[in-house]
Structure formats: structure tokens, C-alpha cells
Amino acid sequence: MKGVQAFTGAKRWGVILTGSKSTCLACIWCLCLLLAGCKGGDATNKQVFFYNEATGIATLDPAFAKNQSIMWATHQLYNTLVEVDSNGSIAPSLALRWDISPDRLLYTFHLRQDVFFHDNEVFAGGRGRRMTAQDVVYSLQRITDKTTASSGAWIFNNRIAEQGFTAVDDSTFCLRLLQPFHPILGILSMQYCSVIPREVVDHYGRDFRRHPCGTGPFRFKFWVEGQSLVLEKNPQYWEKDSIGKQLPYLDAVHVSFYDNRATEFLQFRQGRLSFINDIEPSFKDEVLTKTGTLRPQWKDKILLHKHAYLATEYFGILTDEENPLLKGSPLRSKAIRQAINYAIDRRKLMMYLRNSIGLPAEAGMVPGGLPSQNEQLVKGYPYNPAKARELLKQAGLGNAATWPVTKLLTIPVYADMASFVARELDEVGINVQVEVVQKSLLLELTSHSNALFFRGSWIADYPDAENFMTLFYSKNPAPPNYTRYKNPAFDRLYEAALRETNDSLRYILYRQMDQLVIDDAPVVPLFYDMVIHLVNPDVHNMQPNALNLLELRRVYIQNPS
């Protein structure tokens with residue numbers, strides 16, 4: 001079946017989906033069959049990229065883009081003023097360029113004038129209108145509006161001046177800060193800051209979540225929640241490649257919602273998915289060697305893409321000494337916390353439990369890939385069980401018999417890692433009992449400071465070390481300061497870094513902060529995560545990025561046969 005026929009068929013099926021559940025399921029099945037016909041390498045066929053979202057997609061409204069599943073979808077539908085490029089640098093997007101005042105309080109953005117919103121019935125004649133600076137003002141104000149209840153409202157807290165978003169004219173937008181804040185450009189690259197049209201939001205109200213309208217490379221076509229989502233190429237998209245060809249190359253994106261990772265892996269093996277993100281632990285040994293390479297039987301069947309990710313996996317330790325949980329706990333002692341850090345062989349953990357996907361966290365909390373170079377210059381904890389035992393003796397806890405049982409809370413997917421750490425700690429005389437809880441409960445416990453020793457993870461919102469250091473600023477609540485760490489010296493450095501306009505000097509401050517945290521040991525950094533994609537050979541030009549955004553603008557499908 002030709003791709004043109006297939007995609008036209010998808011449009012027809014979209015009309016019937018208001019019917020019964022059985023009708024909907026039948027339509028989805030037909031749609032999947034039709035779209036499957038688009039996969040050929042023939043130049044006349046439509047190019048469709050297939051991926052699965054096991055966790056589901058709660059909304060297509062960027063004001064609620066709080067997790068990866070929503071961010072991936074909204075990244076296809078919307079644009080922001082600036083974006084993070086493949087090198088982790090801030091690059092122009094809807095803004096062609098910007099000026100920063102000498103006091104670094106006023107940012108003036110000069111917008112593109114060839115950007116149009118997707119076609120929508122709300123616009124005159126159903127044709128998408130041109131985007132203006134007034135749309136930027138509305139979109140950013142909407143995030144901070146309490147009636148929106150955006151999960152991203154925090155990004156501008158205590159940072160934006162009163163009336164801080166203004167439109168000088170249709171193509172000039174100004175942002176004014178309360179005080180200098182270097183990472184503001186990174187914040188503006190977040191999906192929360194996607195530009196949307198007010199009249200479409202007003203028309204659909206709360207139902208805008210499933211009637212998205214942006215300026216992105218793909219536009220909304222079809223969504224039956226929990227079953228299938230289809231986005232199609234935006235024919236009016238403004239961006240072109242280096243030789244002047246309009247982006248995107250793909251004709252459509254099809255998202256399925258198999259919640260079983262085994263089913264997802266089977267679909268990928270059968271060629272029904274273009275790629276899968278990460279790999280289920282139960283399958284990793286089948287596909288990967290202990291050194292993180294493809295096993296011989298897979299080398300001619302799939303492509304393995306690995307690259308650094310701005311994410312750190314760690315165990316957190318509550319340090320608020322006024323909290324009753326710390327009464328009588330040996331974790332009150334910095335020496336004990338340091339001993340825990342020394343007792344873990346992170347390299348062995350990475351090889352045997354992660355198949356070398358990621359890097360052992362033997363420096364600070366800030367991973368590699370950032371210009372501050374924390375991972376090279378901050379001194380962390382190499383594996384040293386003798387040093388761990390020495391610290392325990394100094395603290396009066398020299399053997400397991402004298403160590404009160406301490407619970408380590410983790411979620412099911414990291415239970416094996418927590419058990420590994422517990423065994424490592426037991427070998428030096430530290431008695432830890434692993435307790436597995438559901439993710440929602442762990443989030444609740446850590447947010448209310450009811451977890452003493454817990455599994456944590458921090459993924460950068462934007463490419464700046466400040467985003468990791470915000471976990472330890474004492475004026476921040478939980479989240480993000482889950483450990484309730486409080487150190488006046490750290491706070492002074494953090495506040496100085498926010499004021500510092502010289503990049504090199506600010507990076508020095510970042511490293512000093514990171515070193516303070518590591519020395520005080522409110523956390524046990526385990527590893528710096530790595531993105532792993534298993535990709536079908538007919539998918540080309542999937543470019544890595546440190547934030548693990550699904551970037552499809554330059555992807556194309558070409559069957560190697």
C-alpha cells in the first residue's frame with residue numbers, strides 16, 4: 001500500500017472515533033495497519049516514525065510538560081524562543097538573536113517573522129496565523145498564572161521583575177529579571193516555555209490538553225488516549241536544513257502506548273517500532289555485553305546509540321538534625337556518610353548491573369558534558385573499603401553488631417542496585433535494610449522529609465551546573481532540596497554564582513559548591529547516566545542531545561535494502 005493512501009486513510013478513521021469503545025479499537029487497529037504500510041523505502045511512500053510511550057502521555061499542553069513522555073510529544077508540536085543544540089549550547093529558535101543589557105537584567109529577543117501557528121478552526125479561514133511577541137508574553141505569563149496551575153510555575157519564581165514580560169512590537173520581546181540569573185536562557189528552552197496562541201487556549205479551555213496548536217515541525221492529527229497518537233508534518237514549518245530543504249523530513253510520527261516493556265521490545269524486534277529508549281533490565285544481557293556493546297547476534301540487526309546524559313543517580317541522606325528521623329541515627333555523622341561513599345565499588349556496579357551504561361560517579365553531583373568541568377576537577381569517593389572502616393572506627397561504629405538497622409528506600413526498578421549497595425556496606429560493617437516502595441510513595445516521603453536514606457535521581461532541566469546545585473540551596477524546599485541540606489558557606493557561594501557575570505569565575509564557584517556538598521556527603525552519587533537508544537537500521541540521522549529530547553526534525557527513513 002502506498003504511503004499517501006495510508007495517511008489519507010488515517011484521516012478518514014479520525015472521523016469515526018467518537019463511537020463506541022469497540023469501534024474505537026477497531027479503528028485504531030486499522031490505523032496501525034495503514035500506517036505500517038508507510039514504512040517502505042520507496043521514495044513515493046510516506047515516512048512515518050514509530051515509537052512507544054510505556055508510561056502514557058497525560059497531556060499535550062506544554063504548561064504541564066513535567067516528564068519525559070510529555071516533553072517528547074510537545075517538543076514535536078511547539079517551539080521555544082531558544083533551544084539547546086546537540087553540543088549542549090543555547091541556540092536560536094523562534095528568536096533570531098537577543099541582546100543582554102550591561103547589568104544583565106534586560107533580555108531583548110528579536111523574533112523571526114516567518115513563523116505561523118498550525119492550522120486550526122479557531123483562526124480566520126482555519127489557517128494558522130503569524131506568531132508575534134504578544135504570543136510570547138501570553139505563553140510565559142500563562143505559566144505563572146495561578147489559575148493555570150502549571151507544574152512549571154516554579155521556573156520563574158523570584159526571578160522575573162513585575163511586568164517582566166513585554167512586547168515592544170510584533171517582533172520584539174523583552175524579559176526583565178529581578179537580579180542577574182545566567183541560566184535564564186536555559187530555562188527559556190524548556191518545553192514549559194513553548195509559544196502558544198491565546199485564542200486557541202481560550203476556545204478549548206481545559207480541553208486544550210488534547211487540542212494542541214503550536215509552531216513546531218509536526219501538528220496534531222489524532223489521539224485516542226492509551227491507544228494511539230498521530231502527529232503529521234507541518235507543511236508551513238519555518239525551519240530549513242543547511243541546503244535549504246524544508247524540515248522535517250518525516251511525514252508523520254506515530255506513538256503507541258504498550259505499557260508492558262516486554263511487548264515494546266517484541267514490537268521493536270519485529271520492526272514495528274523505529275527505536276526504543278533505554279532497555280528493560282531483563283533484556284539487557286540478551287542484547288548487550290558487560291562492556292556495553294551489542295552482542296554479535298544483534299550487530300547486523302539494530303543500531304546502538306549511546307551518549308552522555310545530564311543526569312545523576314544517587315542515594316540521598318536526610319541531614320536536617322531537627323527531624324525526629326535523625327534522632328539516634330548514625331547518619332547524623334559526616335564521617336559515617338563519607339564511609340558509605342567510600343564503601344561502594346561504583347565501577348563494579350556499572351559493569352554488572354548496568355552493562356556499562358553510564359559512568360561511575362567518582363567526582364561530584366554534576367555530570368560531564370558541561371563547561372564547568374565539575375566531573376574532572378571535583379574530588380569524590382573512589383572505592384576504598386579500608387578508608388570506610390577507618391571512618392567507622394573513628395565514629396565508634398566499627399562492626400555490624402553495633403550498627404542500628406537503617407532502611408534504604410528505593411523503587412522496584414532499582415531494587416537490585418540497592419541490594420548491591422547494601423551488600424557492599426555490609427562488608428565494611430554498615431547494616432542497611434532495603435525497602436522497596438512504589439515511586440509515588442517515595443516521592444511523597446521525600447517531599448515531606450519522611451525518608452532518611454533514599455534513592456534519588458536528578459535530570460537537568462537546562463544545561464548549567466546551577467541546576468544541580470539548586471538541590472542543596474537551603475532556601476529551597478523539597479523538592480528540590482530533598483536532603484534538607486543546609487550549609488551557610490554553600491548558600492553564599494550559590495548566591496554569588498547567580499550574580500557572577502564572568503563565566504570562568506562562575507564555573508569556579510560551581511566547583512567549590514559541588515566540592516562542599518561532596519565533602520559533607522548528604523548524597524551518595526552512584527553514576528552519571530547515559531542515554532541508550534536501540535534503533536532500526538532504516539532510521540537515519542537521529543542526533544544525540546544531553547537532555548535526551550526526542551529530536552526528529554532531521555530524521556529520515558531509508559530502507560537499506
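**Salt bridges across the chain**

Arginine 554 and glutamate 239 join their side chains in a salt bridge, at 3.6 Å from N to O, the term meaning a side-chain nitrogen of Lys or Arg within 4 Å of a carboxyl oxygen of Asp or Glu. This pair links distant parts of the chain, 315 residues apart, with arginine 554 in the loop between strand 18 (539-540) and strand 19 (556-557) and glutamate 239 in the loop between strand 9 (228-233) and strand 10 (252-256). The model is predicted, so local features need pLDDT of at least 70 and side-chain atom pairs count only at pLDDT 80 or more, while totals for chains, interfaces and linings use all residues. Residues are numbered from 1 along each chain as its sequence is written, and side-chain values use heavy atoms, with hydrogens and water left out.

**Arginine 554 and glutamate 239**
- Arginine 554 is partly exposed, at 32% relative accessible area, whereas glutamate 239 is buried at 11% (buried is under 20%, exposed over 50%, partly exposed in between, with a 1.4 Å probe and protein chains only).

**Arginine 455 and glutamate 313**
- Arginine 455 and glutamate 313 form a salt bridge whose closest N and O atoms are 2.7 Å apart, and both residues are buried.
- Salt bridges with shared partners join Glu83, Glu239, Glu551, Arg553 and Arg554 into one network.

**Aspartate 61 and arginine 142**
- The structure holds 29 salt bridges, including the one between aspartate 61 and arginine 142, with the closest N and O atoms 2.6 Å apart.
- Aspartate 61 and arginine 142 are each buried.

Conventions:
Helix = DSSP H or I, 4+ residues; strand = E, 2+ residues; numbered from the N terminus.
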